[in-house]
Amino acid sequence: PARPAPRPPPPVNARRATPPRRSPPRWVPGSAGSRDDATSASAEAGRLEDVAEVGTRVKAGERIAKLDDQALRLRREEIQSDVRRAEAQRSLSDTQLQRLAKLETSNSIAKTQMDEARATLETNVQTLAHARAQLHQVDHDIDQTDVHAPFAGIVTERFAQRGEYLQVGASIVHLVDTANIEARVQAPLAMADKIR
């Protein structure tokens with residue numbers, strides 16, 4: 001059998017290799033820091049019962065300090081009794097209104113008595129709502145006596161010690177997240193589009 005004729009070599013374009021144009025590197029001073037770095041403070045006033053030690057690693061939401069909440073718990077009991085009293089008053093005024101409504105159909109009572117009974121019921125309903133709102137408020141205040149970590153990190157400094165009385169907004173601990181780091185450099189704004 002006859003051999004096929006050899007193919008001609010494919011055309012090749014050759015060009016001199018040149019290195020790509022690159023901007024020369026420029027060194028600028030900078031530092032590495034945490035993206036989350038905060039001072040946790042008290043949202044309530046009170047005596048500090050417990051505070052995390054320096055170097056303690058905490059998770060997000062974990063308690064880092066505890067304020068005394070005894071006065072708030074006593075206030076809660078007082079408000080609970082107000083709620084129960086308001087519930088009883090509302091129930092009584094509701095029952096009275098129902099009785100008067102039965103008598104109203106037979107024209108045995110004056111219209112003003114019905115109006116007064118409705119107003120009394122509405123007043124008691126609002127009193128109960130106010131007492132329940134106060135109860136929710138004191139529950140919120142009790143929750144605020146536990147100071148929780150807003151993010152995971154390490155306690156790097158304590159500003160208050162056990163037994164100290166703190167006002168609202170007083171600094172308790174300094175918390176730093178060492179996992180999420182960012183670089184901060186002093187560079188001219190003109191270099192912003194050249195940063196890689």
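Let's start with a charged pair: Arg85 forms a salt bridge with Asp82, and their closest N and O atoms are 3.0 Å apart. The two sit three residues apart in helix H1 (residues 70-105), which places them about one helical turn from each other. Please keep in mind that this is a predicted model. The salt bridge count comes to 14, and a four-stranded open sheet is also worth a look.

**Salt bridges**

- Asp82, the acidic partner of Arg85, is partly exposed, with a relative accessible area of 24%.
- Glu87 forms a salt bridge with Arg132, with 2.9 Å between the closest N and O atoms. Glu87 lies in helix H1 and Arg132 in helix H2 (residues 111-144), so this pair ties together parts that are 45 residues apart in sequence.
- Glu87 is partly exposed at 30% relative accessibility, and Arg132 is partly exposed at 39%.
- Glu182 forms a salt bridge with Arg184, the closest N and O atoms being 3.1 Å apart.
- A network of salt bridges links Arg63, Lys66, Asp69, Arg73 and Asp146.

**The sheet**

- The strand order is E6-E5-E3-E8, with antiparallel pairing. Strands E6 (146-148) and E8 (165-166) stand at the edges with a single partner strand each, so one side of each has no neighbour in the sheet.
- Strand E3 (residues 46-51) is joined to strand E5 (residues 63-67) by three bridges, and Val51 has Ala65 in E5 as its bridge partner.
- Three bridges also join E5 to E6, where Asp146 is the bridge partner of Lys66.
- Four of the five residues of E5 are buried, so this strand is largely enclosed by the rest of the structure.

Technical notes. Residues numbered from 1 in each chain as written. Predicted model: local features only at pLDDT ≥ 70, side-chain atom pairs only at ≥ 80, totals over all residues. Heavy atoms only, no water. Pairing = 2+ DSSP bridges. Buried < 20%, exposed > 50% of the residue type's maximum accessible area, 1.4 Å probe, protein only. Salt bridge = Lys/Arg side-chain N within 4 Å of Asp/Glu carboxyl O.
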